[in-house]
Amino acid sequence: MVSSGINAEYMVSSGINAEYMVSSGINCERTPVICDLYPHKIKKMKRIWTGETLAGSAETITVLQWNILAQSLGENGDFCLCPMEALQWEHRRQLLLKGILSHGADIVCLEEVDCFNELSNGLHPMGYSGIWVPKPDSPCLLYKNNMGPDGNAIFFSKEKFSLIKSYHHVLRMQDETCTKSTVLICELVHLKTGKDITLIVTHLKAKETPQYMEVRRISPSTLQS
């Protein structure tokens, strides 16, 4: 099971709830005139949650995958059509937890997590255990008063799963050059059936630069190995 978390550069999670995200819609650098004319225009997009139940399956597992937007990147990014108050941590912190818990997922895969302790403190009393790995050279560290590096996280229901082991890799280019993307791998056992399950979470950038395109191209073979 793989969660890629490919990030659409112009999408912002407002934290209003898990079914809506605030879309910046237009990049400031590319269309400054429109941004100046409509500085507070917000477009809400309803998330469509998908699921599948296999015929004859006695057990189901629910998985929630969410790029939650690193706080430092949200406050310092070019989300010009999103009100700044919607990006403030005091506004988002409880709404992120509310959005995660509202779906009661067995497994939660998150990207751009620079608030792992905050999330863990909120999810642990609700029966979740979590693992987090930071990105090498996280861009969050470039900003003053940052919350630390962002990275990938997995939370799982302690009632349904037990952790066998977790580990991570840094994605590499074909010439073995390290990238800034990590892969978090967790091996769990489903307590009711005794079956093992492997979760792989990474964050692949959507930008059409040669480096990001190369990382996306080689990632499947990297993950398989």
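Modeller: Let's begin with a term: two residues are in contact when they have heavy atoms within 4.5 Å of each other. You are looking at a predicted model, in which local features need pLDDT of at least 70, side-chain atom pairs count only at pLDDT 80 or more, and totals for chains, interfaces and linings use all residues. Residues are numbered from 1 along each chain as its sequence is written, while side-chain values use heavy atoms, with hydrogens and water left out.

Biologist: Thanks! Among contacts in the protein chain between residues at least 6 apart in sequence, what percentage join residues at least 24 apart?

Modeller: The count takes in contacts between residues at least 6 apart in sequence. Of these, the share joining residues at least 24 apart is 65%.

Biologist: How much of the protein chain is made up of buried residues?

Modeller: Buried means under 20% relative accessible area, exposed means over 50%, and partly exposed lies in between (1.4 Å probe, protein chains only). Of the 225 residues in the protein chain, the buried part is 42%.

Biologist: How many helices and strands does the protein chain have?

Modeller: Both are DSSP runs numbered from the N terminus: helices are H or I with at least four residues, and strands are E with at least two. For this protein chain the tally is 6 helices and 11 strands.

Biologist: Is the packing of α4 on α5 parallel or oblique?

Modeller: Helix α4 (residues 89-101) and helix α5 (residues 116-123) pack at about 45 degrees, with axes 10 Å apart. Axes are lines fitted to C-alpha atoms, for helices over the stretch in contact, and angles run from 0 to 180 degrees between N-to-C directions. Angles under 35 degrees count as roughly parallel, over 145 as roughly antiparallel, 65 to 115 as roughly perpendicular and the rest as oblique. The angle therefore makes α4, relative to α5, oblique.

Biologist: Which residues of α5 make that contact?

Modeller: On the α4 side, W89, R93, L97, I100 and L101 take part. Their partners on α5 are E118, L119, G122 and L123.

Biologist: How far apart are the C-alpha atoms of L199 and I154?

Modeller: Along the chain, L199 and I154 are 45 residues apart.

Biologist: What is the phi of N145?

Modeller: N145 sits in the loop between β7 (128-134) and β8, and its relative accessibility of 70% makes it exposed. Although N145 is not a glycine, its phi is positive, at about 60 degrees.

Biologist: And which residues does E75 touch, not counting those up to four places away in sequence?

Modeller: E75 is in helix α2 (residues 71-76) and, at 33% relative accessibility, counts as partly exposed. With residues up to four places away left out, E75 touches M84, L87, Q88 and W89.
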